[in-house]
Amino acid sequence: MVSTSAAGRRRLEAAEQEIRLGAGGIDRLMERIGEAALLVDLSTRAVLKANSLFLKRSGYGPEDIEALDLLRLHDLKDLERILQAASQPRAERSVVPSASCCGKDGSLCTVDVGVEPLGGSAGAVALLTYGEQSGGAPQAGPPQRGRERPVLCDFTRKLAAVRDRESLGRALVEAAAGLMASDRAFLLGQGGGAGGAEVLASCGIPAGALEVARRWLADLLGVGLLSAERPRVVADIDREEGLRGGRDELAAAGVRAFVVLPLEDEARVLGAWVLAYRDARAAGECDLELGRVFAAHLSGALAGVQALERTRREKSHHEVLTRIISWLRGPFDLEGILQSLTGELCRTLGADRCLVLASGESDAEPGATLRVEAEHCRAGETPLRALGAIRFSSTALGQAVLYSKEPLAVEDLKVRPDLTEDHEELVQRLDLRGLVMAKIISRQEFIGLVAVATSGRPRPWSAEEIALVQAVADHVAVTLATGRLARASQERAQQIERERREWERTFDAIPEMISIHDGYGRLLRANLAMQVRLGGDPRAFVGRECGEILEAVMGRSGDCPHEAATRGRRPIACEVEGERGAFALTAIPCFDAAGKCLYIIHVCKEITEEKTIREQLLQTEKMAAVGKLVSGVAHELNNPLAGVIGFAEILLDRPGDARLKKSLTRIREEAERASRIVRNLLTFARKHKPESVMVSVNAVLEKTLELRAYDLRVNKIKVVADLAPSLPMTLADPNQLLQVFMNIITNAEQAMREARGRGTLKLSTSSADGNIRIAVQDEGPGIQPGNLKKVFDPFFTTKPVGRGTGLGLSICHGIIKEVGGTISVSSSVGQGTVFTVELPVVSGPERRAEARPPSDIKAPPSRILVVDDEITIRELMHDALEDRGHTVEVVDSGLAALEALREKTYDLIVSDLKMPEMDGQELFARLTADSPHLLPRLIFTSGDTMSAETRSFLDRAGRPYLLKPFKMQDMVELADKILLAASRPDEGPTPIPDPGDNRPAA
């Protein structure tokens, strides 16, 4: 705003550039203008700066100006004119003539306001300057009576043009200043509920003082103490009892006296016209009479304005309801509809927040808790949605709403502590004042609320506004009910979709091939395993019969149990052999309640490997049975073989004919050969726990050839062995190496026998570069080039069904790889095959051989007890030990041994392990418990050839032992060793000799 003077305008133009130099430039500009000036923010209507001339004229201090609202300086109409002038193009500096301006003390003056937009393209900041009115200053003091008639006529003319509260307020203030010598006035209307009142227009009175006067007058209106015949005159507020609680606020606002003129229409009080004065004064009868005349005209204008506002409200309310109904009839979007509805209602009623609150669907009692379904609030207000569930029905506010037929309308919650006691913290935090709550009822059940509230200020509610909130609540009832049905339907659909996906994931996760067919066997769908088997896209097979599906899976059409399952109305399973392997197929029919076949589930599982393993397990069981049989036979053979070898050795030690000794030697050698055969059979048949020891590869090969000697000989297979004599030992499991060589030699033997009926098997060993190389070459038909890469694959075999499992060479490959070696094959069709095994030379602990005592050192004659159930063994040991000068007694069981030990003392006990009545293990336990001093004098013998149970016992017992058949020289020397150790206890225990060759073959 600029001064109306040319000098002021020139000063502004000269300082225009300086204003952009910063805060200092703005301050200098405002001081150089020479008129009262303000710098204002047009977007917020807040005063940013004021020059010293403005402060002097207005009475405001620098601390009062900061963030001062322009509405405090101008009435609304003038303010609109100023803001409209500020929005004009900058080239035209606008002037708002004859604008009213209010000082800090409430005094009014009329000025010309100049507007200069400064900041931003839209004029966000403007400079306002206040100059004297071009027509001269207004006259102060009470009006002259001679001017009453023209002023009244002018007032009447203005009232005729009144269409809103703002223009009505402006007219009454002008009349108050022109005739009643009052520069401050307000208009009060009947409303806000029973006995309530609301301020329709005001000027010059601060909000606090205005609220005090409003409450006081609302009480007077409520009890009917105001009427046209009885205006209210308050000459001094100190003498008015009704204003006692607000005197300080009124005095601070510069209000000492009131004149209250009631406004009536057909004997109905519409409100009151209130004039305020700075000084205590009593209005005269002439003033009151003149006020009554003005009030009569004002009453008609107020009735018209109220009727017009009521019509506008009704129209606005009708438009709101029309829009809501159109939203409900459009595409259903519960959240969007409720959000639009709350925003529309909040704007229509001028409220600070509007909410739709829904009752918790899982609550046992309707309305026990409420949750925010939709919310609209003004900027800066705290949303309620973050609070979650709100307790309601058990609270005082909830009881007041639920047990009332009408909506709950509260003008000011601060004066209703009975309602807010359960939500006091929430009400204070949000500063809730005015409140309307309307119930949402669906099918006679409470399902929620529509709530409209104001913050920081009371709010009288008209009957039309309350009715609008209830009408909205009735429409929301339909919306929420529909929303609940839609939500339930959506949740059900989502649940069905989740279950479908879960079923599909489960269906596809099953490793077996599963397909679903209709009653005629046609494919409906397949799981992932079946899809992969069919090539990844089952759509090409949908609708095809199960026979075609089986052909695609198995390589040929097998016998499908589909028809049998349908006919028998029960699951049918079978095994089908196809070109691609063996398969287990199960058909499971599914029927409805009427007995109609809905579909049939086919479960197909490839069992080729399983079947092969099953056959392998059967073979293993056979081998285990053979092992048990051989073990039993060996035990029975070892005892007589021990007798044959032992007696032959005794006879050989005695003088005799050379020809006889030659025969005895042959008998002993053949018996030892039979013993080795039995031991090798047990080695091959028995399960061994893998253990790595230093082993001679040549020895393992020789033992393998010894085991296969008979078969090789009868099948006309000549063996040529070229075994390096200086081959180093290596760390390995001899039993596993035996299995590897056995498999390779057996395969070579079968290949030559089937191809030629004879052949030559060549074996060679050598060492180089830290490796041991073993080559096995046959003269068989060779291996086809396409099969060379597969020979070590599990279950690969070229032999007919029943002749091979395809596991032998794959096991050999695993064993050699485990010890860090390699196995390879080379072959030429028609020229034979060569298997080559390379083992790394690895050092390990070697068994330290014990020094054997010289044969000429004998133990002194001793008493020896021999315990064995075989009479041959008893006689053999009796004779052999007696020849060494010992006294020998023999018994046939552990019980007999205990009886003998009770009667006599023995220097040595030689006991068999396997005996009837009481075996060697039980005898050892009895001696441990009753005679532990005899344990160092105990030797065991056994024909069990070291079964797992026997080895475990001997490891625990820690006593020396001999395996049958043993050499009598070993027996005699071991006995001497124990007896010598027992006769010299002061020298410490004598080491127990290692049985050496009598241990089971590794």
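Contact, as the word is used in this report, means heavy atoms within 4.5 Å. The structure is a predicted model, in which local features need pLDDT of at least 70 and side-chain atom pairs count only at pLDDT 80 or more, while totals for chains, interfaces and linings use all residues. Residues are numbered from 1 along each chain as its sequence is written, and side-chain values use heavy atoms, with hydrogens and water left out.

## Cys546 and its surroundings

Leaving out residues up to four places away in sequence, Cys546 touches His517, Gly521, Cys560, His562 and His602. Cys546 lies in helix α17 (residues 546-554), where helices (H or I, at least four residues) and strands (E, at least two) are DSSP runs, numbered from the N terminus. With a relative accessible area of 13%, Cys546 is buried; buried means under 20% relative accessible area, exposed over 50%, and partly exposed in between (1.4 Å probe, protein chains only). Pro561 is 15 residues from Cys546 along the chain, and the C-alpha atoms of these two residues are separated by 9.7 Å.

## The protein as a whole

The protein contains 28 helices and 33 strands, and 44% of its 1002 residues count as buried. Among its contacts between residues at least 6 apart in sequence, 60% join residues at least 24 apart.

## Nonpolar cores

A nonpolar core is a set of buried Ala, Val, Leu, Ile, Met, Phe, Trp, Tyr and Cys residues joined through side-chain atoms within 4.5 Å. The largest such core has 35 residues, and those with the most contacts inside it are Val697, Leu737, Phe741, Leu761 and Ile774. Once neighbours within four places in sequence are set aside, Phe741 is in contact with Val697, Val700, Leu701, Thr704 and Ile774. A second, separate core has 28 residues, including Val320, Cys346, Val356 and Leu480.

## Helix packing

Axes are lines fitted to C-alpha atoms, for helices over the stretch in contact, and angles run from 0 to 180 degrees between N-to-C directions. Angles under 35 degrees count as roughly parallel, over 145 as roughly antiparallel, 65 to 115 as roughly perpendicular and the rest as oblique.

| Helix pair | Angle | Axes |
|---|---|---|
| α11 (residues 334-349) and α15 (residues 463-509) | about 170° | 10 Å apart |
| α21 and α22 | roughly 40° | come within 9 Å |
| α25 (residues 894-903) and α26 (residues 920-930) | roughly 30° | come within 9 Å |

Helices α11 and α15 pack at an angle of about 170°, which makes α11 roughly antiparallel to α15. On the α11 side the contact is made by residues including Leu334, Ile337 and Leu338, and on the α15 side by residues including Glu465, Leu480 and Arg487. The residues of this contact of α11 with α15 divide into 11 nonpolar, three polar and two charged, where Ala, Val, Leu, Ile, Met, Phe, Trp, Tyr, Cys and Pro count as nonpolar, Asp, Glu, Lys and Arg as charged, and the others, Gly among them, as polar.

The axes of α21 and α22 cross at roughly 40°, which makes α21 oblique to α22. Among the residues that meet here are Val697, Leu701 and Arg708 in α21, and Leu737, Phe741 and Glu749 in α22. The residues of the contact of α21 with α22 divide into 12 nonpolar, two polar and three charged. Arg708, which has its place in helix α21, is buried, with a relative accessible area of 14%. Apart from its neighbours within four places in sequence, Arg708 is in contact with Met742, Ile745, Thr746 and Glu749.

For α25 and α26, the axes cross at roughly 30°, which makes α25 roughly parallel to α26.

## Two residues with positive phi

Asp431 has a phi near 55°, a positive value in a residue other than glycine, and is found in the loop between α14 (424-430) and β15 (432-442). Asp431 counts as partly exposed, at 31% relative accessibility. Arg443 also has a positive phi, of about 55°, although it is not a glycine, and is found in the loop between β15 and β16 (445-455). At 80% relative accessibility, Arg443 counts as exposed.
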